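Dear colleague,

Please find below the structure for your files.

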Amino acid sequence: MARFDGLVDIGFDKPFRVHHGDNEFASGERHINGIESFWSFAKRRLAKFNGVPDHTFYLHLKETEFRFNHRRDNLYHQILKLLRLNPL
């Protein structure tokens with residue numbers, strides 16, 4: 001399963017799966033709506049750039065992940081908090 005090699009590289013032993021063929025759309029904390037919501041958010045966000053270079057895609061994706069995880073928070077306050085904890 002080469003498509004999951006990246007997950008294994010960052011510490012996951014096996015991919016978490018939801019089996020749609022068995023009409024399963026959630027299993028414990030795993031559910032399809034979470035990842036679909038993230039990718040919808042990511043596509044809208046990244047579309048603004050009209051494409052990003054391959055070598056910076058990961059950074060754009062990580063920023064999008066941060067924005068998604070804090071989408072209900074004031075990002076200005078979140079960034080100030082991070083800078084206080086990790087001064088430049």
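In this predicted model, the side chains of R45 and E63 form a salt bridge with an N to O distance of 3.0 Å (a side-chain nitrogen of Lys or Arg within 4 Å of a carboxyl oxygen of Asp or Glu). The two residues lie 18 apart in the chain, R45 in helix α2 and E63 in helix α3 (helices are DSSP runs of H or I, at least four residues, numbered from the N terminus). R45 is buried, at 16% relative accessible area, whereas E63 is partly exposed, at 30% (buried is under 20%, exposed over 50%, partly exposed in between, with a 1.4 Å probe and protein chains only).

E63 also meets R67 in a salt bridge of 2.8 Å, N to O. Three salt bridges are found in the whole structure; one of them pairs E65 with K62, with the closest N and O atoms 2.6 Å apart. E65 and K62 are three residues apart in α3, so about one helical turn separates them.

The buried residues of α3 are T56, H60, L61, T64 and F68. Seen down the helix axis, they fall within an arc of 155 degrees (taken from the directions from the axis to the C-beta atoms), so they line one face of α3. The face turned away from them carries the exposed residues H55, Y58, L59 and N69.

Residues are numbered from 1 along each chain as its sequence is written, and side-chain values use heavy atoms, without hydrogens or water. Local features need pLDDT of at least 70, side-chain atom pairs count only at pLDDT 80 or more, and totals for chains, interfaces and linings use all residues.

Kind regards
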